[in-house]
Amino acid sequence: MMDSKSTKLVLSSPNNTSSNTKQGLLPHIQYEHLAAGVLGGVASSLALHPLDLIKVRFQVDEGKGHAAVLRPQYRGVIDAFRSIVHSEGWKGLYRGVTPNVTGAGLSWGLYFFFYNTTKSWMQEGDSNKNLGPGNHLWIASFAGLATLSLTNPIWVSKTRMCLHYGSPGNVQFLGMWETLSNVYKSEGVRGLYRGYLPGIFGISHGAVQFVTYEEMKTLYNSYRNQPLNTRLTSVEYLTFAALSKMVAAATTYPYQVVRSRLQDQHRQYKGAWDVIRQIWVYEGVTGYYKGLLPNILRVTPACAITFVVYESIITVMTNNKKATL
């Protein structure tokens with residue numbers, strides 16, 4: 001049994017979790033999650049950008065009968081690949097890759113950073129503490145809003161660069177920074193935040209994904225009677241990441257269509273509700289799911305690559321930390 005003197009030593013120890021909680025968020029900041037997220041996002045975006053470009057082009061296509069803008073027509077994903085290469089060259093498949101890689105790297109890095117810092121703070125430094133789906137949902141929503149607020153201009157530039165049609169000589173904006181500069185000059189700050197409102201609704205996408213991912217890991221570790229912070233294999237992370245992304249993509253996809261159309265430089269809408277109304281009137285329910293196939297073909301492996309790279313880097317960094325202690 002501990003005497004009063006020993007008890008005082010434990011309570012005053014700098015390693016005590018209650019002491020960490022009183023110090024606020026600072027002791028819980030983990031920059032390794034930022035670095036790992038950035039690398040994971042960059043790797044997946046570089047590998048799968050052509051599918052992202054095709055997805056965006058499908059999303060803004062209003063159909064032959066009532067299209068307000070003349071656009072290339074594609075019969076499917078394979079036909080889109082062939083048509084883009086034929087009319088724009090192989091480089092055409094990588095239009096918008098700079099803001100996509102930049103945006104994905106920053107988004108994943110910031111998301112993992114905000115998510116894990118907040119999670120560690122709520123766990124009071126105890127990584128084995130189970131927060132439950134409610135808290136995971138709140139943390140994921142906060143991380144999503146913070147990330148969206150910082151990266152929305154990058155996604156505007158990506159969408160607009162992906163929607164440059166024709167030969168390279170006819171491109172209106174040559175790069176990410178020139179695109180951002182032109183948008184700011186012609187539309188102001190408001191132009192840089194086109195699609196922000198549906199993006200806020202889209203936070204549910206990341207929230208659903210992370211809650212599903214966290215709960216699958218928790219249930220899996222509980223089933224195997226091992227601590228919640230046990231490092232898993234790459235195959236296990238790959239499986240959980242792919243499944244969670246598929247669930248999120250299937251349940252929250254329509255907001256991406258609305259967001260892409262608001263960011264499209266070839267069309268003008270009065271707002272998100274105007275986009276929703278026009279899609280419903282002219283295209284029906286299927287209009288909200290345009291580009292879903294290339295999206296699923298892209299996001300499932302992209303998320304898997306991101307999470308595997310992320311978890312692998314975190315595992316290496318965690319082991320190095322333990323080795324230096």
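This is a predicted model: local features need pLDDT of at least 70, side-chain atom pairs count only at pLDDT 80 or more; totals for chains, interfaces and linings use all residues.

Residues are numbered from 1 along each chain as its sequence is written, and side-chain values use heavy atoms, with hydrogens and water left out.

Let me begin with the fold. The protein chain has 13 helices and zero strands, where helices (H or I, at least four residues) and strands (E, at least two) are DSSP runs numbered from the N terminus. Of the 325 residues in the chain, 51% are buried; buried means under 20% relative accessible area, exposed over 50%, and partly exposed in between, with a 1.4 Å probe and protein chains only.

On a 1 Å grid over the protein atoms alone, a cavity is a set of points where a 1.4 Å probe fits but cannot get out, while a pocket is an open set with protein on both sides within 12 Å along at least five of seven lines; lining residues have an atom within 4 Å of a point. Grid points are joined across faces, edges and corners, and a volume is the space filled by probe spheres set on the points. The count is one cavity of 30 Å³ or more, and the largest cavity has a volume of about 840 Å³. Its lining comprises 39 residues, of which Ser107, Trp155, Lys245, Tyr255 and Arg259 are the closest to the centre. Helix H3 (31–60) is among the elements that give two or more residues to this lining, and H3 provides the largest share, eight residues. By type, the lining of the largest cavity divides into 13 nonpolar, 20 polar and six charged residues. Here Ala, Val, Leu, Ile, Met, Phe, Trp, Tyr, Cys and Pro count as nonpolar, Asp, Glu, Lys and Arg as charged, and the others, Gly among them, as polar.

The second largest pocket has a volume of about 240 Å³. Helix H8 (residues 196–201) gives the most to the lining of this pocket, with three residues.

Next, the salt bridges, of which the structure holds 16. The criterion is a side-chain nitrogen of Lys or Arg within 4 Å of a carboxyl oxygen of Asp or Glu. Asp52 pairs with Lys158, their closest N and O atoms being 2.9 Å apart. Asp52 lies in helix H3 and Lys158 in helix H6, so the pair ties together parts that are 106 residues apart in sequence. Asp52 is buried at 2% relative accessible area, and Lys158 is buried at 6%.

What does Arg261 form with Glu283? The two form a salt bridge, with the closest N and O atoms 2.7 Å apart. Arg261 is in helix H11 and Glu283 in the loop between H12 and H13, 22 residues apart. Both residues are buried. Elsewhere, salt bridges that share partners join Asp52, Lys55, Lys158 and Arg298 into one network.

Finally, the surface. Trp280, in helix H12 (residues 272–282), is exposed, with a relative accessible area of 54%.
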